[in-house]
Amino acid sequence: MVCGGFTCTKNSLCALNILYVLVSLLLIGVAAWGKWFGLVSSISVVAGVIGVGIFLLVVAFVGLCGAMKHHQVLLFFYMIILFMVFVVQFSVSCACLALNKDQQSHLLEVGWNKSEATQQDVEKTLNCCGFSSVNYNGSCAAGCFKSSASPSCKTCSNIIQQYAGEVLQFVGGIGLFFSFTEILGVWLAHRYRNLKDPRSNPGAFL
């Protein structure tokens, strides 16, 4: 049977959802590993990543079940959910690629001020103190702050902004790639729903 028929479309849809399962398990595993080894202490960040992984896992299982059983209802909801995810992810990816340096700085500062746990993680990892200024009368998790009686530390904004552009470009590129796999999944699901199962009754259309 040529590619584009019932079996080929079914196998392509299954393979795509298996890829989503692997990506979701990777997200959950990386988040749990980071929390377990103390690389990330912010519960909200870990919970967010794990939540995204679980959501993707559920969507992938819906797609797999719909593909294996040629289930019209599951495939319909799979199409709707995947299309909404595509719209959100495509928009966020384009925004990441379009941000200029001033917008990046503002976004980083907003994120910095939202969580003290995230601040400590960044200070400890990058060996820096404060976002735009160092308060030597306060506290800081960086090694440079505790290394001597008169510490000298860089601000975290200077270090973060060195890599922020590259990270946003990378995240935007990965997001665009997966957004196109999602629209591919929507197309495959729509096509598969309207194909007749050759093993069924020739007079029936599932």
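**Getting to know the pocket and the helices**

Trainee: Which element gives the largest share of the lining of the largest pocket?

Mentor: Keep in mind that this is a predicted model. Helices H1, H2, H3, H4, H5 and H7 each give two or more residues to the lining of the largest pocket. The largest share, eleven residues, comes from H7.

Trainee: How much space lies in that largest pocket, and which residues lie nearest its centre?

Mentor: Good one to explore on the model! The space in the largest pocket comes to about 1700 Å³. Its lining counts 45 residues, and those nearest the centre are Leu27, Val49, Val52, Val92 and Val171.

Trainee: How many residues of the pocket lining are nonpolar?

Mentor: Let's sort the lining of the largest pocket by residue class. Two of its residues are charged and eight are polar. The nonpolar residues number 35.

Trainee: Are H4 and H5 roughly parallel or roughly perpendicular to each other?

Mentor: Start with the axes of H4 and H5, which come within 5 Å and cross at roughly 110°. On the H4 side, the contact is made by Trp112, Asn113 and Lys114, and on the H5 side by Glu116, Gln119, Val122 and Glu123. These contact residues divide into three charged, two polar and two nonpolar. Angles of 65 to 115 degrees count as roughly perpendicular, so H4 and H5 are roughly perpendicular.

Trainee: Which element has the lowest mean pLDDT?

Mentor: Across the protein the mean pLDDT is 81, with 86% of the residues at 70 or more. Where pLDDT is low, the predicted coordinates should not be read in detail. Among the elements, H3 has the highest mean, 90, while the lowest, 74, belongs to helix H6.

Technical notes: Residues numbered from 1 in each chain as written. Predicted model: local features only at pLDDT ≥ 70, side-chain atom pairs only at ≥ 80, totals over all residues. Heavy atoms only, no water. 1 Å grid on protein atoms, 1.4 Å probe; cavity = no way out; pocket = protein on both sides within 12 Å on 5 of 7 lines; lining within 4 Å. Points joined across faces, edges and corners; volume = space filled by probe spheres on them. Helix = DSSP H or I, 4+ residues; strand = E, 2+ residues; numbered from the N terminus. Nonpolar A, V, L, I, M, F, W, Y, C, P; charged D, E, K, R; others polar. pLDDT = per-residue confidence, 0-100. Axes fitted to C-alpha atoms, helices over the stretch in contact; angles between N-to-C directions. Parallel < 35°, antiparallel > 145°, perpendicular 65-115°, else oblique. Contact = heavy atoms within 4.5 Å.
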